[in-house]
Amino acid sequence: MADAFILGIESSCDETAAAVVRSGEQVISNVVYSQVATHLPYGGVVPELASREHLRAIVPVVRKALEDAGHTYESVDALAVTQGPGLAGSLLVGISYAKALAFALEKPLVPVNHLEGHIHAVLLEERQKGNHQLEFPVLALVVSGGHTHLYLAEQQAAAWTYRNIGHTRDDAAGEAFDKVAKLLALGYPGGPMIDYLARSGNPTAVNFPLSQIKHRDRRDSGTPAAQGPRFDFSYSGIKTSVLRYIETQGMKDTIEARRFALAGVQRPAPADYLANCDRRTLDLVASFQRAMVRDLVEKTLAAAREYNVATVFVTGGVAANSEVRQTFASAAASEGLPVYFPSRPLSTDNAAMIAAAAYPKFLAGRFAPDDLSAEASLPLR
Ligand code: KG4
Ligand code: ZN
């Protein structure tokens with residue numbers, strides 16, 4: 001089979017991204033335009049602003065991805081675009097643009113589920129390193145700002161299938177990082193900042209218990225027990241615990257002082273935040289992160305044992321977290337279980353993962369229908 005160069009386009013949330021990937025195994029170019037500066041003053045993604053920024057960025061981002069790859073619109077073999085899940089208005093920008101481009105160029109267009117993209121970020125980079133020998137079944141934890149989902153992933157010939165065996169009942173893990181950072185006036189997105197500040201705090205200072213959801217939870221009526229136990233997550237409670245801690249420890253004044261001090265700094269760096277954090281705040285942040293990481297690792301490894309998987313993937317924005325990586329690596333190693341992460345740039349949203357996930361579909365001829373549209377809650381199967 002000759003090489004296939006796929007141009008991937010991703011616009012599901014607050015990153016406008018395009019990439020060229022060869023045959024699902026080599027990143028030729030990878031361009032990500034982040035809208036962080038636009039959303040920073042609001043402490044979260046504002047959907048209307050996100051769509052507007054995607055509209056502005058999509059053409060130059062795609063052009064740059066082609067240019068960096070030494071390709072042209074004509075020289076790529078196919079296009080791939082994120083169909084969902086994500087913000088409808090944001091998804092539509094990428095989809096409309098990709099459809100028009102594919103039509104004008106008379107090239108096939110492959111629709112891709114964003115979550116499948118995160119899983120294929122791992123596969124892409126392992127293949128790129130020369131590792132073609134992953135053992136199945138694979139358990140994938142997709143942990144990001146919008147998702148905390150566990151999937152059993154199987155490959156039959158070139159086609160992939162997925163079975164969800166757990167998800168968050170409320171907030172996603174990345175959302176909890178972002179909300180806690182917002183409570184503490186630590187900027188947006190909160191995950192990378194908490195990751196950085198936690199290194200200077202004591203992770204055992206505060207005990208934040210996490211909601212335990214019974215594995216065999218029959219409240220999911222309609223789920224036959226034969227499908228096996230579920231491993232669900234819940235992160236809205238820990239956010240409330242952090243808020244209560246802030247109130248009972250009288251931390252409001254130090255938070256406001258930090259907000260005021262940083263408002264006077266143009267583009268504050270992580271070191272500026274660190275310089276404006278007292279010991280109690282650093283300990284709180286480190287303890288919060290420890291509790292989150294423990295819960296993610298314990299539930300994922302319990303699911304891995306229950307389903308007797310051969311390999312674990314951890315992917316999505318929160319997979320960029322240093323403590324997530326270290327704790328997963330050591331806990332999985334002690335159980336003799338191989339665990340793989342994408343590199344940090346491919347952990348967060350990007351289009352290389354979309355182009356990689358599209359490759360088996362391209363081979364199978366699974367192209368977009370003419371009426372392809374955004375699906376904000378697209379499930380992964
Ligand atoms: O995958 P992603 O880029 O977008 C979604 O699909 O949601 O993930 C973004 C999320 C944000 O919540 C962000 O705070 C979190 O990933 N994140 C992190 C880190 N880097 C990004 N969370 C913890 N530690 C990090 N180093
Ligand atoms: Zn994502």
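Leaving aside its neighbours within four places in sequence, which residues is valine 314 in contact with? Contact here means heavy atoms within 4.5 Å, and the partners of valine 314 are Leu141, Val143, Ala319, Val324, Phe328, Val339, Tyr340, Phe341 and Pro342.

Before going further, a word on what you are looking at. This is a predicted model, in which local features need pLDDT of at least 70 and side-chain atom pairs count only at pLDDT 80 or more, while totals for chains, interfaces and linings use all residues. Residues are numbered from 1 along each chain as its sequence is written, chains are lettered from A and ligands numbered from 1 in the order in which they are written, and side-chain values use heavy atoms, with hydrogens and water left out.

Back to valine 314. Together with Phe288, Val314 has the most contacts inside the largest nonpolar core, a set of 60 residues. A nonpolar core is a set of buried Ala, Val, Leu, Ile, Met, Phe, Trp, Tyr and Cys residues joined through side-chain atoms within 4.5 Å; buried means under 20% relative accessible area, exposed over 50%, and partly exposed in between, using a 1.4 Å probe and protein chains only. Helix H10 (residues 279–306) gives the most to this core, with 14 residues. Helices (H or I, at least four residues) and strands (E, at least two) are DSSP runs, numbered from the N terminus. Apart from this core lies another, of 25 residues, with Val31, Val62, Val81 and Leu109 among them. In soluble globular proteins, nonpolar side chains tend to be buried together.

Now turn to the metal. The zinc ion (ligand 2) is held at 2.1 Å by His114 (NE2), His118 (NE2) and Asp349 (OD). Donors are N, O and S atoms within 2.8 Å of the metal (3.2 Å for Na, K and Ca), and water is not among the atoms, so sites may look incomplete. Along the chain, the donors of the zinc ion follow the spacing H-x3-H-x230-D. The four donor atoms make angles of 93 to 147°, and the site is irregular. Four donors count as tetrahedral if all angles lie between 85 and 135 degrees; four count as square planar and six as octahedral if opposite donors are over 155 degrees apart and all others between 65 and 115; anything else is irregular.

The two histidines share an element: histidine 114 and histidine 118 both lie in helix H4 (residues 114–128), four residues apart, about one turn of the helix. An α-helix has 3.6 residues a turn, so residues three or four places apart point the same way. Both histidine 114 and histidine 118 are buried.

For aspartate 349, a polar backbone atom is 2.9 Å from an oxygen atom of ligand 1. In all, 19 residues surround ligand 1 (each with a heavy atom within 4 Å of it), and the closest are Gly145, Asp178, Asp195, Asn321 and Asp349.

Asparagine 321 deserves a look of its own. You will find asparagine 321 in the loop between strand E9 (311–315) and helix H11 (322–334). Is asparagine 321 buried or exposed? Asparagine 321 counts as buried because its relative accessibility is 5%. Its side chain makes a polar contact of 3.1 Å with the side chain of glutamine 289, and reaches the backbone nitrogen of valine 324 at 2.9 Å. A polar contact is a pair of N or O atoms within 3.5 Å; within protein, one must be able to donate a hydrogen and the other to accept it, and residues adjacent in sequence count only if both atoms are side-chain atoms.

Finally, some backbone details. Most residues other than glycine have a negative phi, and most peptide bonds are trans. A cis peptide bond joins tyrosine 188 and proline 189, with omega about -10°, and proline 189 lies in the loop between H5 and H6. Alanine 185 is also in the loop between H5 and H6, and its phi is positive, near 55°. Another cis peptide bond links glycine 84 and proline 85, with omega about -5°.
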